[in-house]
Amino acid sequence: MTKSLENWATWAEIHRQPAIWSAWGEALDVDGLRGWISSLEYDEVWFCGAGTSAYIGDIIAAGVPGVRAVPSTDLVATPKAFLNGVKPLVVSFGRSGNSTESIGTLDALDALAPDAPRLHITCNKDGALATRPSQGPQKVIVLPDATHDAGFAMTSSFSTMLLTALALFDAPCDVAARMDALAGQMAALLPKLRGMMRPDRAVYVGSGPLAFAAREAALKVMELSAGQIPALWDSTLGFRHGPKSFVTDGTAITVFTSPDAPTKDYDADLVAELRAQFPSARVTSVGPGGDIDIPMPFGATWAVPLCVALAQVTGVEWAGALGLNVDDPFSGQGTLSRVVSGVKLYPVAS
């Protein structure tokens, strides 16, 4: 018998996001943390992580001026290409805080930039990001236990780490009120995302921070379907330059639409073009006034978790329809695990 969606941890983790955001917006010491950041000496702000945690940095860097995404997978592989005399404030994201690349990033910093300030945003109070000391200034933000997703796919961990970083590095705002408003939007939105027919393949596109929301959405579908639903992501304007060849009659194409001009006009043009060129494909616009209407009063970057929720919900539904273990789609394969393992770290010479 197929297991009911409500019995999967991943389904519960997706649907508890509104409650998490609302409570966390009240609990987060935004003023204190912003004050600590402003007291530091650094040249650049780097957002580091691997996989979904790296995409958080991409999203923020595309929407917030003056910051940089440096995936820990890149930093660990070529540390001296990045740590070559610059003094960054390194913001590390990690659900477990124990991935090989998280530890490798700390090793690289210890060897090449020991005095660089660090801010760790993690969901696991017992992980290396939460417990390992630093020679230089360091703060650790441990998110509520509920964000430490038990499922393979990052859902509430992704959204809450993203919103936490935006609260600290985007323009100042009433964070508690904003998080509560986003929680209300999400609670109203989640029931509307159900019931999409499972496609042969999926495409997600957007512009600016929504392009990297598309990247996370595509990853969620591939992870939850254990690769049985191939998924592609691209920017709205970039998609025409070759990647559009991925589209077949059985493709579900999602365009995350911006609230801003002229970006929203490019998004709308692509939606119209795809519907004309691929009448048998399913094209869905997601954003202000879209097929799935998501108002974005705080801008596209803050709305990313609302857009990605579509892929979270449909990914679980499609995984269930495929008969997969939603909480561990690669169960029995020995190929992917919830916390990446099997990566050998090599020493970094100081």
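In this predicted model, helix α2 (residues 17–27) packs against helix α10 (residues 175–189) at an angle of about 175°, and their axes lie 8 Å apart. Helix α2 is therefore roughly antiparallel to α10, since angles over 145 degrees count as such. On the α2 side, the contact involves Gln17, Pro18, Trp21, Ser22, Trp24, Gly25 and Glu26. These meet Val175, Ala176, Met179, Asp180, Leu182, Ala183, Met186 and Ala187 of α10. By class, the residues of this contact are ten nonpolar, three polar and two charged.

The model also has an open sheet of five strands, with parallel pairing and the order β2-β1-β3-β4-β5. Strands β2 (68–69) and β5 (138–142) are at the edges and have a single partner strand each, so one side of each has no neighbour in the sheet. Strands β1 and β3 run parallel and are joined by five bridges. Within this pair, valine 45 has leucine 89 in β3 as its bridge partner. Helix α7 lies across β3 and β4, and runs at about 170° to β4.

Residue ranges of some of these elements are listed below.

| Element | Residues |
|---|---|
| Strand β1 | residues 44–48 |
| Strand β3 | residues 88–94 |
| Strand β4 | residues 118–122 |
| Helix α7 | residues 100–112 |

Threonine 284 belongs to strand β9 (residues 282–287). Is threonine 284 buried or exposed? Its relative accessible area is 10%, so threonine 284 is buried, the limit being under 20%. Apart from neighbours within four places in sequence, threonine 284 contacts Met196, Ile253, Thr254, Val255, Arg275, Asp291 and Ile292.

Technical notes. Residues numbered from 1 in each chain as written. Predicted model: local features only at pLDDT ≥ 70, side-chain atom pairs only at ≥ 80, totals over all residues. Heavy atoms only, no water. Pairing = 2+ DSSP bridges. Helix = DSSP H or I, 4+ residues; strand = E, 2+ residues; numbered from the N terminus. Contact = heavy atoms within 4.5 Å. Axes fitted to C-alpha atoms, helices over the stretch in contact; angles between N-to-C directions. Parallel < 35°, antiparallel > 145°, perpendicular 65-115°, else oblique. Nonpolar A, V, L, I, M, F, W, Y, C, P; charged D, E, K, R; others polar. Buried < 20%, exposed > 50% of the residue type's maximum accessible area, 1.4 Å probe, protein only.
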